[in-house]
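Hello,

I am handing over the structure below. Please open it before you read my notes.

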Amino acid sequence: MRKNFGAKPWTYPQPVFILAAYDAAGKPNAMNAAWGGISDDFQLSLCISAGHKTTADILARKAFTVSMATASQATACDYVGIVSGNAEPDKLTKAGWHTTKSEFVDAPLIDELPMAVECRLVSYDPESCRLVGEIVNVSADESVLDEQGRIDPSRLQPITFDPVHNVYRVLGEAVGRAFHDGFQLK
């Protein structure tokens, strides 16, 4: 028997994205966002409200990066989600993070987060809070690459947001091969 919970924003897994952008003076800022994902072959869509400093920074600079939050940086990732850049101008410093300018867009890469999607702003709708970015590049530190030079989730250790229990969870083991295992049933 199923239990009904009503309309809730609950899906699994919900990625923990860290959006980063430069402000008008070139100072990096970042925020935590769980409501987002791939919306086209070359686009990400995220739900972020207009009141965030990071939103204003993205709109001003027309670029941003989306880093995958990791288990080793969970505390800092949570911190940039609960503290507003409008109230704390040294948010990244307090998180213990350092940045490097992206080669592809006018936005910072967070050195401590080893994988990022680098985006140009496509659109932002303040009514729906939908931010759309064109994926220009994906970059990853060599420390999270496997022997074939591909991103290895077991080395990256990305975390997801569990909206039912309000906890972060690390992604687990592989349980099957995509675009392969289903052929057994054909």
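Which residue of β3 does Ala 20 stand opposite? Ala 20 stands opposite Ala 30 in β3.

First, the ground rules. This is a predicted model: local features need pLDDT of at least 70, side-chain atom pairs count only at pLDDT 80 or more, and totals for chains, interfaces and linings use all residues. Residues are numbered from 1 along each chain as its sequence is written, and side-chain values use heavy atoms, with hydrogens and water left out.

**The record**

UniProt lists residues 9-154 as "domain: Flavin reductase like", in an unreviewed entry. UniProt positions are in the numbering used here, feature names are shortened, and annotations may be inferred rather than shown by experiment. The span 9-154 is 17% helix and 40% strand. Its end C-alpha atoms lie 27 Å apart. Helices (H or I, at least four residues) and strands (E, at least two) are DSSP runs, numbered from the N terminus.

Start with β2. 6 of the 6 residues of β2 are buried, so this strand is largely enclosed by the rest of the structure. Buried means under 20% relative accessible area, exposed over 50%, and partly exposed in between (1.4 Å probe, protein chains only). Phe 17, Leu 19 and Ala 21 point one way from β2. Ile 18, Ala 20 and Tyr 22 point the other way.

β2 pairs with β3 in the antiparallel sense, over 6 bridges. Two strands pair if DSSP finds at least two bridges between them. The β2 and β3 hairpin has 5 residues between the strands, and Gly 26 takes a positive phi near 90° there. β2 also pairs with β6, again antiparallel, over 4 bridges. Ile 18 stands opposite Ser 67 in β6.

**Asp 23**

Asp 23 sits in the loop between β2 and β3. Is Asp 23 buried or exposed? Asp 23 is buried, with a relative accessible area of 14%. Asp 23 touches Lys 53, Asp 57 and Arg 61, not counting residues up to four places away in sequence. Contact means heavy atoms within 4.5 Å. The side chains of Asp 23 and Lys 53 are joined by a polar contact of 3.4 Å. A polar contact is a pair of N or O atoms within 3.5 Å; within protein, one must be able to donate a hydrogen and the other to accept it, and residues adjacent in sequence count only if both atoms are side-chain atoms.

**The cores**

The largest nonpolar core has 22 residues. A nonpolar core is a set of buried Ala, Val, Leu, Ile, Met, Phe, Trp, Tyr and Cys residues joined through side-chain atoms within 4.5 Å. Leu 19, Ile 48, Ile 58, Val 66 and Leu 131 have the most contacts inside the largest core. Elements that give two or more residues to this core are β2 (17-22), β3 (28-33), β5 (43-47), β6 (63-68), β9 (115-125) and β10 (130-140). β9 gives the most to this core, with 5 residues.

Apart from this core lies another, of 15 residues, among them Ala 69, Val 80, Ala 95 and Ile 110. Val 80 belongs to helix α2 (residues 74-82), where Ala 74, Ala 76, Cys 77 and Val 80 are buried. The buried residues of α2 pack against β2, β3, α3 (91-95) and β11.

β9 and β10 run antiparallel, joined by 10 bridges. Met 115 stands opposite Ala 140 in β10. Their hairpin has 4 residues between the strands, and Cys 129 takes a positive phi near 65° in it. β5 and β10 pair antiparallel over 5 bridges. Leu 131 in β10 is the bridge partner of Leu 46.

**The open sheet and the end**

An open sheet of 3 strands has the order β1-β11-β12, with antiparallel pairing. β1 (14-15) and β12 (167-170) stand at the edges, each with a single partner strand, so one side of each has no neighbour in the sheet. β11 (residues 159-162) and β12 pair over 4 bridges. Asp 162 has Val 167 in β12 as its bridge partner.

Gln 184 lies in the segment after β12. Gln 184 counts as exposed, at 65% relative accessibility. Gln 184 and Gln 148 are 36 residues apart in sequence and 27 Å apart in space, C-alpha to C-alpha.

Best wishes
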